[in-house]
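Okay, let's get going, everyone.

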Amino acid sequence: LLDLLESYGYCCYSIELNEYKTIKRMIKGFLQFCARENIKKCHLIGSDYGGFQILQIASYEKLKNEVEIKSIILINSFVSVNNFAKLSLKTNIFGKL
């Protein structure tokens, strides 16, 4: 997909945000990435848990002052991680959600 988008002139990045233990830290990491790459507006694509992550990023109120989200594409994505959070408390496999 990235190759196709690049062929239309889009600059594409594939980033992993799974290392962050909280949503606030994940959003801060995304904003730092955008600042480093001088990204002022973007389209976000997320699949599975990545879709949940971009929904969290796009809904963050302070983001609007720094990065304009032009569109969101979700592919087989989560809208909630409540069930995983319960599992995480028992097994600690996802860290703190």
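Let's start with helix 2, residues 23-36, and helix 3, residues 49-58: they pack at an angle of about 80°, and their axes are 10 Å apart. The axes here are lines fitted to C-alpha atoms, for helices over the stretch in contact, and angles run from 0 to 180 degrees between N-to-C directions. So helix 2 is roughly perpendicular to helix 3, where roughly perpendicular covers 65 to 115 degrees, under 35 counts as roughly parallel, over 145 as roughly antiparallel, and the rest as oblique.

Who makes that contact, meaning heavy atoms within 4.5 Å? From helix 2 we have Ile23, Met26, Ile27 and Phe30, and from helix 3 Phe52, Gln53, Gln56 and Ile57. Sorted by class, that's 6 nonpolar, 2 polar and no charged residues. For the classes, Ala, Val, Leu, Ile, Met, Phe, Trp, Tyr, Cys and Pro are nonpolar, Asp, Glu, Lys and Arg are charged, and the others, Gly among them, are polar.

Quick housekeeping. This is a predicted model: local features need pLDDT of at least 70 and side-chain atom pairs count only at pLDDT 80 or more, while totals for chains, interfaces and linings use all residues. Residues are numbered from 1 along each chain as its sequence is written, and side-chain values use heavy atoms, with hydrogens and water left out.

Now the overall layout. The chain has 4 helices and 2 strands, and from the N terminus on they run α-α-β-α-β-α. Those are DSSP runs, numbered from the N terminus: helices are H or I with at least four residues, strands are E with at least two. Of the 97 residues, 25% are buried; buried means under 20% relative accessible area, exposed means over 50%, and partly exposed is in between, with a 1.4 Å probe and protein chains only. Take contacts between residues at least 6 apart in sequence, and 65% of them join residues at least 24 apart.

Back to helix 3. Which of its residues are buried? They are Gly50, Gly51, Phe52, Gln53, Ile54 and Ile57, and the buried residues of helix 3 pack against helix 2, strand 1 and strand 2. Gln53 counts as buried because its relative accessibility is 7%. Leaving out neighbours within four places in sequence, Gln53 touches Leu17, Asn18 and Met26.

On to the core. As a general point, nonpolar side chains in soluble globular proteins tend to be buried together. In this model the largest nonpolar core has 14 residues, and those with the most contacts inside it are Phe30, Leu31, Cys42, Leu44, Ile57, Leu63 and Val67. By nonpolar core I mean a set of buried Ala, Val, Leu, Ile, Met, Phe, Trp, Tyr and Cys residues joined through side-chain atoms within 4.5 Å. Helix 2, strand 1 and helix 3 each supply at least two residues of this core, and helix 2 gives the most, with 6. As for Val67, if we don't count residues up to four places away in sequence, Val67 touches Leu31, Cys34, Ile39, Lys40, Lys41 and Cys42.

Last stop, two loop residues. Asn38, in the loop between helix 2 and strand 1, has phi near 60°, a positive value in a residue other than glycine. Asn38 is exposed, at 55% relative accessible area. Then there's Asn76, in the loop between strand 2 and helix 4, with a positive phi near 50°. Asn76 is exposed too, at 65%.

Terms used
Contact means heavy atoms within 4.5 Å.
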